[in-house]
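Q: Could you take me through this structure, starting with the overall picture and then going into the details?

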Amino acid sequence: MVSIVIDIDGVCKSYKNVKALDNFSLHIDKGELFGLIGPNGAGKTTFLKILAGLLNIDEGKITIDGNDMQKNRRKISEIVGYMPDFFGVYDNLKVMEYMEFYCAAYYIYDGDTVKKINNLLERVGLLEKADMYVDQLSRGMKQRLCLARTLLQDPPILVLDEPYSGLDVYNRNEMKRLLRELSDTGKTIIVSSHILNEMTDMCTSLGVIKAGRLVLTGNIDNILEKVNNLNPLLIEVVDREEEVISLLKKTKEVKSISINGRKIQVEFDGNNEAESILLKNIIDTGAMINFFGREQRNLEGLFMDITKKEKEKRIL
Ligand SMILES: Nc1ncnc2c1ncn2[C@@H]1O[C@H](COP(=O)(O)OP(=O)(O)O)[C@@H](O)[C@H]1O
Ligand SMILES: [Mg+2]
């Protein structure tokens, strides 16, 4: 049986005059590799910092593994490992010292610490770099070191803010491999990104965030199904265009209409049956049509549509 491990209900968070999260609700099941995707400024970092217990919320409720965030923040900080999007500057600190520093900060320094650090460094491919200065590591290595540090307490939930940003293809794949491996050990992982392609090939479920609101969420298969229903209906008419448009305007499932030559693009909120009824009604007007069907777009097209600014949309 799957169980909800993260339950977010109606969370609002503002910074002075910016509403960063607006009535944000989300459930994440145990063991998911959840991708939070949205353009810059959408509220991803704000949300992840809240999960990590680094920011207070203005309204709403958060429960993590049965613990109420407001009442039990200490427990939550033990079970959520957070990897920020910014690595920081560590003058004169070597890789090994960096890891030891965090062990001390987490109060987990004991006789096994060096062995534990070595195991983690090996896991992220940095064992040979243990003696190198942190500031001299490449971006990809820094990201992997940061992941190793996040794993020190072996948290069951990992929250990673844009872990692939600025990485080349090799390092990106390496990071993905590590996250998949961690996911296979049963951890619940939440990863943010502003690039959809980075998520679809590895996440088990996705949430799309725009201007502080969750606009789409579900497992990958569900989302692909929803995408098809969100794809515009394309109708190509040969004649009687005005009659067809007037019919479309009267059809309740039609949310918007845009015209490009003889092609009519319709935002249509209806299932297959509703589509068939519309097709029959169009034919009943006596119009000749030579195309009727959903435009086949991929998830990327949908994401572009969801995240583009309202004013760029042409709505009749
Ligand atoms: N410390 C802050 N003070 C004021 N506004 C902020 C602060 N942090 C973020 N914001 C604003 O909140 C919104 C969401 O930001 P953020 O959570 O960083 O988005 P993302 O990570 O998706 O790019 C943006 O409009 C951003 O400018
Ligand atoms: Mg961010």
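This is a predicted model: local features need pLDDT of at least 70, side-chain atom pairs count only at pLDDT 80 or more; totals for chains, interfaces and linings use all residues.

Q: What box do the C-alpha atoms fill?
A: Along the principal axes, the box is roughly 85 × 40 × 40 Å.

Q: And what share of the residues is buried?
A: Of the 316 residues, 47% count as buried. Buried means under 20% relative accessible area, exposed over 50%, and partly exposed in between, with a 1.4 Å probe and protein chains only.

Q: Moving to the sheets, in what order do the strands of the open sheet run?
A: The order is β2-β1-β4-β5, with antiparallel pairing. Two strands pair if DSSP finds at least two bridges between them.

Q: Which strands stand at its edges?
A: β2 (18-29) and β5 (67-68) do; each has a single partner strand, so one side of each is left without a neighbour in the sheet. Further in, β1 (residues 4-15) pairs with β4 (residues 59-64) over five bridges, and Ile6 has Ile64 as its bridge partner in β4.

Q: How far is Ala20 from Asn171?
A: Their C-alpha atoms are separated by 31 Å, and the two residues are 151 apart along the chain.

Q: Where does Asn171 sit, then?
A: Asn171 lies in helix α6 and is buried, with a relative accessible area of 10%. Its side chain is joined to that of Arg144 by a polar contact of 3.1 Å. A polar contact is a pair of N or O atoms within 3.5 Å; within protein, one must be able to donate a hydrogen and the other to accept it, and residues adjacent in sequence count only if both atoms are side-chain atoms.

Q: What else is buried in α6?
A: Among the others are Met175, Leu178, Leu179 and Leu182. After α6 comes Gly186, with a positive phi near 100 degrees.

Q: Which residues touch the most other members of the largest nonpolar core?
A: They are Tyr98, Met99, Leu121, Leu145, Leu147, Leu179 and Leu206, in a core of 46 residues. Helix α3 (residues 95-105) gives the largest share of this core, six residues. A second, separate core has 29 residues, including Leu21 and Ile190. A nonpolar core is a set of buried Ala, Val, Leu, Ile, Met, Phe, Trp, Tyr and Cys residues joined through side-chain atoms within 4.5 Å.

Q: What does Leu147 touch?
A: Not counting residues up to four places away in sequence, Leu147 touches Met83, Leu160, Met175, Leu178, Leu179 and Leu182.

Q: How many aromatic pairs are there?
A: A search of the whole structure finds six. In one of the pairs, Tyr90 and Tyr98 have ring centres 5.0 Å apart and planes at 85 degrees, so the pair is edge-to-face. Rings of Phe, Tyr and Trp (its six-membered ring) pair if their centres lie within 6.5 Å; planes under 30 degrees apart count as stacked, over 60 as edge-to-face and the rest as tilted. Ring pairs link Phe87, Tyr90, Tyr98, Phe101 and Tyr102 into a cluster.

Q: Last topic: what do β12 and β13 form?
A: They form a hairpin with two residues between them, and Gly261 in the turn has a positive phi of about 60 degrees. β12 pairs with β13 (residues 263-268) in the antiparallel sense over six bridges.

Q: What does the side chain of Ser256 make a polar contact with?
A: Its partner is the side chain of Glu267, at 2.9 Å. Ser256 lies in β12 (residues 254-260) and counts as buried at 11% relative accessibility.

Note on methods:
Residues are numbered from 1 along each chain as its sequence is written. Chains are lettered from A and ligands numbered from 1 in the order in which they are written. Side-chain values use heavy atoms; hydrogens and water are left out. Helices (H or I, at least four residues) and strands (E, at least two) are DSSP runs, numbered from the N terminus. Contact means heavy atoms within 4.5 Å.
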